[in-house]
Amino acid sequence: MRNLDSELAYFRIQIGRSFSQEVNESLPIPDGAIRSVVEDSPFKLSPEEREEAIRELESLFTHTQKKGSAVTSDFKPWLENRRSAIDFYYWNRLRRFYLEGGSLPPQVVATLDTVTDEILDYLGDPSDAGSWSRRGMVIGHVQSGKTTNYSALICKGADAGYKVIILLAGITNSLRSQTQERLDETFIGRKSIFHATAQEALPIINYASTRRFPAYGTSRDRDFTRDAAGVFFNLAAHNEPIIFITKKNKAPLESLQNWLKEQSHSQKIDFPLLLIDDEADNASINTQKNPKATTSINGAIREILNLFSRSSYVGYTATPFANIFIDPDSNQEMLSDDLFPRNFIKELDPPSAYVGAARVFSESGDLRSRHVVVVEEKDFREIVPLKHDRDIPITVLPPTLYVAIRLFVLARAIRILRGDGKKHCSMMINISRFNDVQEKVLGLVYDYLQKLKNSIAVNGGLKPSQIADQNIKDMEVDFLREYAACGFGFGEVIRVATEAVSTIKPITVNMKGGKLDYQQNKASGLHVIAIGGLALSRGLTLEGLVVSYILRNTAASDTLMQMARWFGYRPNYEDLCRVFLPKESLDHYVEIHEAIEELRSEVRRMQIAGMTPREFGLRVRESPTAIRITAANKMRSASALTLAQDYSSRHIEGHSLVNDDDVNLKNLGAVKALVAKVESAGCKSNHRDRALFWSGVDGNEIVALLKAFRFSEAHPDLGRISQDASLVQDYISDRLTADLKTWDVCIPHPAGDGVQPVIDGHSFQLRERESGDVNGGAYRITGSKHRVADPNDAQLGLSEQQVEAGLAEKKKEDGLRGDRAFCAQRTQPMLLVHIFKNNGQQKLKIKDPIVSLSLCFPPTAVAAKSRIYQVNKVYQKQMLDLFADQEDDDEPILEAAGDA
């Protein structure tokens with residue numbers, strides 16, 4: 001099929017003009033309208049070309065994007081008053097580049113325009129004289145278009161009058177170089193190469209009637225150095241803005257800082273500064289134990305900001321907990337830190353076509369069942385265990401990695417049959433933080449690819465029934481299991497597999513080298529298996545990523561989420577994508593996704609309530625998940641931790657028990673004692689909704705039960721964190737004279753036969769649990785779901801009106817989700833006693849009946865109370881394990897500033 005770029009450009013312009021209202025307001029374009037434009041065009045297209053054009057255009061014009069929410073403080077709008085006086089040269093050029101070049105759907109460009117106007121308005125007005133500073137944060141999604149957003153913001157900032165722009169682009173050379181190239185394409189307008197004999201212009205310059213170029217102080221192959229060509233003259237010599245794109249490394253940041261000091265002549269620099277911090281939760285945060293000290297990166301950023309009399313700092317991240325904590329030990333220190341987003345926090349919503357955590361890891365995600373391939377520990381434990389040294393001998397790959405490589409070859413072949421053979425197609429392998437191990441994996445992958453190439457070359461022309469080669473037979477099994485519904489038969493796929501596999505090249509991408517040069521291979525596509533660690537873990541985009549294979553420790557949940565390079569946009573190959581993960585990693589992804597989504601919904605609710613970033617920061621610090629995700633660095637040298645947990649409107653489930661029958665018997669005895677004491681105090685039981693209820697129970701009895709009941713110490717909320725205290729237990733104790741004074745107690749059970757006496761004076765049928773796993777001494781009742789309750793248990797005890805109110809809350813765009821929507825309707829708390837029998841777990845040492853608890857908390861008016869816990873070894877180890885894997889590659893940031 002011939003190239004249709006010119007025709008598609010024409011169609012995009014025609015559709016944009018004809019349906020401008022729909023495009024600008026993200027409304028759906030009428031059914032059949034795109035087909036009519038194509039069929040009525042002056043071009044002579046074959047039926048195949050016509051359908052290909054319609055498919056491409058429908059994919060482009062059916063994407064939508066919401067504008068997101070924000071919380072602000074000290075916000076005084078200025079942009080509208082100045083808009084008529086601003087020449088939006090750089091933004092208008094970029095806007096046309098996106099629209100007419102077809103790289104972004106028009107509806108997404110319209111939202112991008114609105115959102116970046118909003119962010120620019122939150123920043124300081126660069127035309128304002130005097131001295132001011134603004135600090136903000138933008139929360140995006142992993143691989144969702146944060147670079148696109150800040151590229152547009154840089155263009156608008158330059159147009160509005162920001163003279164100096166500094167972009168901090170991660171901590172690796174590969175990411176900094178890739179970001180420099182992206183800004184060349186969207187802002188600078190030419191390849192940023194010092195001493196080039198001729199300045200090579202880039203396509204974006206064709207989208208403006210005149211030519212203007214900003215200055216640049218870094219290039220594609222060089223981070224900032226004092227002798228870098230192009231910046232030996234002073235700032236005042238530039239008519240256009242100057243941009244520096246540097247990694248978060250001490251050497252280049254200090255060089256830039258010293259050069260700027262020379263520009264200031266011991267005075268504040270009067271040019272307005274826009275400093276954008278990409279991956280702002282990584283390396284930028286001050287993690288010094290001494291609040292009067294700063295880490296080198298954090299200190300360098302703050303000192304650069306302080307060199308300017310007028311400055312705006314914007315941190316971009318998808319995992320923002322660290323930025324909101326700043327210093328987890330003191331609210332005052334958190335708020336006074338110069339990088340805390342005190343002026344605004346903006347939450348971005350991704351376009352509708354985005355493949356992200358909600359679709360891949362949520363229980364209701366539409367891609368979870370086919371996207372994720374669980375790798376059993378036995379598959380890799382003897383070959384490359386999650387914890388290993390750099391000198392580990394590796395002579396073979398895990399069996400599932402061979403499967404993943406075969407799937408990548410098959411997916412590449414299917415993309416050829418779909419007409420996308422000359423588009424980028426990538427595979428990611430991230431199984432070790434050590435460069436030495438990565439090189440060994442490279443050799444084994446290369447060797448296996450050669451075997452596949454030979455098998456395909458010899459057998460590719462035969463009918464599947466004639467092929468006896470084991471590699472081809474394995475590929476057929478993989479195809480039928482994973483890609484049978486792709487629209488082609490295995491015979492068709494294997495016939496083009498020679499072309500598919502011939503261009504695939506395995507490379508390592510780490511601190512020692514390896515570059516994913518997608519731009520140089522734009523015409524024919526780069527087809528690569530990228531093997532790495534840290535360099536593949538943050539910010540770096542792998543174009544056309546189809547297959548991902550990741551075996552890493554579950555340490556540092558926010559870092560783990562950043563490893564998810566497979567998130568993004570997958571036009572015409574979404575169904576082919578596969579992610580290979582250990583089950584433990586999958587569980588962590590589910591948990592961190594839920595925590596981040598909760599934080600996003602909190603932004604939306606607090607915007608409606610008119611709250612500020614300060615209130616938001618304090619609120620998040622009190623959440624029961626945030627401290628576990630980010631505060632591990634505080635556990636390196638101390639056993640004390642300050643926590644202030646908030647469980648309001650939550651259902652806390654005891655999903656993790658001690659795998660010991662004696663402990664279970666004692667737990668069951670504690671429940672029986674509670675029931676006996678409640679009934680002796682005059683509380684009468686009643687049956688309703690297939691549950692046994694007691695009302696008006698004294699909250700002190702609930703605390704006594706929790707003290708006697710033992711959960712696994714791996715349970716973050718109900719496990720004992722210090723001596724005999726748990727976070728939930730202390731939360732209840734703080735409110736025994738307020739909204740947790742009186743409780744409902746409920747034992748849910750199924751209806752039907754099989755009734756048996758369990759609690760003295762009460763008989764009922766037991767529930768059953770068939771999933772779950774045993775790890776060490778802990779029994780997790782429903783495996784990765786973190787549940788013990790049935791789906792509707794949080795509705796028990798509520799009136800019909802309260803249940804209806806909960807359902808209505810869940811339907812609201814900014815409403816509470818899951819059980820929280822129903823807990824928010826409660827006027828008093830409820831303890832659920834779960835008594836069940838296990839039908840599936842063979843390693844379980846507990847005999848039936850098994851007992852656990854969960855608690856539904858109502859909203860509270862009592863602020864969370866900070867406590868200093870002398871944490872036990874189990875909790876301390878959890879914190880240390882979270883921190884252990886923050887730095888992935890060997891010697892990750894010991895690079896010289898000018899290294900390529």
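1. Contact here means heavy atoms within 4.5 Å. Leaving aside neighbours within four places in sequence, Ser656 is in contact with Phe711, Ser712, His715, Ala778, Tyr779 and Arg780. Ser656 lies in strand S19 (residues 656-658); helices (H or I, at least four residues) and strands (E, at least two) are DSSP runs, numbered from the N terminus. With a relative accessible area of 5%, Ser656 is buried, where buried means under 20% relative accessible area, exposed over 50%, and partly exposed in between (1.4 Å probe, protein chains only). The C-alpha atoms of Ser656 and Val788 are separated by 8.6 Å, although the two residues are 132 residues apart along the chain.

2. On the basis of the model: it is predicted, so local features need pLDDT of at least 70 and side-chain atom pairs count only at pLDDT 80 or more, while totals for chains, interfaces and linings use all residues. Residues are numbered from 1 along each chain as its sequence is written, and side-chain values use heavy atoms, with hydrogens and water left out.

3. Overall figures. The protein chain has 31 helices and 30 strands. Of its 900 residues, 60% are buried. Among contacts with a separation of 6 or more, 78% are between residues 24 or more positions apart. The chain exposes about 35,900 Å², and carbon and sulfur atoms supply 48% of that area; accessible areas come from the Shrake-Rupley method with a 1.4 Å probe, and for residues only the protein chains shown count as cover.

4. Helix H29. This helix (residues 800-811) has 12 residues and reaches 17 Å from its first C-alpha to its last, close to the 16 Å expected at 1.5 Å a residue; the expected span is 1.5 Å times one less than the number of residues. Its buried residues are Gln802, Val803, Gly806 and Glu809. They cover an arc of only 120° around the axis and therefore lie on the same side of H29, the arc being that of the directions from the helix axis to the C-beta atoms. An α-helix has 3.6 residues a turn, so residues three or four places apart point the same way. The buried residues pack against helix H30 (820-823), whereas Glu800, Gln801, Glu804 and Lys811, on the other side of H29, are exposed.

5. Helix H9. A straight helix of 16 residues would span 22 Å at 1.5 Å a residue, but H9 spans only 20 Å between its end C-alpha atoms. H9 is mostly covered, with 14 of its 16 residues buried. Gly189 follows H9 and has a positive phi, near 90°.

6. Aromatic pairs. Rings of Phe, Tyr and Trp (its six-membered ring) pair if their centres lie within 6.5 Å; planes under 30 degrees apart count as stacked, over 60 as edge-to-face and the rest as tilted. By this rule there are 19 aromatic pairs. In one of them, Phe97 and Tyr98 have ring centres 5.9 Å apart and planes at 40°, so the pair is tilted. Phe97 also forms an edge-to-face pair with Tyr207, at 5.7 Å centre to centre and 75° between the planes. Phe97 lies in helix H6 (residues 89-101) and Tyr207 in the loop between helix H9 (173-188) and strand S4 (215-216), so this pair ties together parts that are 110 residues apart in sequence. Tyr98 is buried at 5% relative accessible area, and Tyr207 is buried at 19%. Elsewhere, Tyr647, Tyr731, Trp743 and Phe857 form one aromatic cluster.

7. Charges over rings. A charge sits over a ring if NZ of Lys or CZ of Arg is within 6 Å of the ring centre and within 35 degrees of the ring normal. Lys156 lies over the face of Trp91, at 4.5 Å from the ring centre. The charged end of Arg769 sits over the ring of Phe836, 6.0 Å from its centre.

8. A buried lysine. Lys146, in helix H8 (residues 146-160), counts as buried at 7% relative accessibility. Beyond its neighbours within four places in sequence, Lys146 is in contact with Gly140, His141, Asp278, Tyr316, Thr317 and Ala318.

9. Backbone points to check. The peptide bond from Asp848 to Pro849 is cis, with omega near 0°; Pro849 is in the loop between strand S28 (830-838) and strand S29 (850-856). Asp74 is not a glycine, yet has a positive phi of about 55°, and is exposed at 60% relative accessible area. Ser649, likewise a residue other than glycine, has a positive phi near 55°, but Ser649 is buried at 8%.
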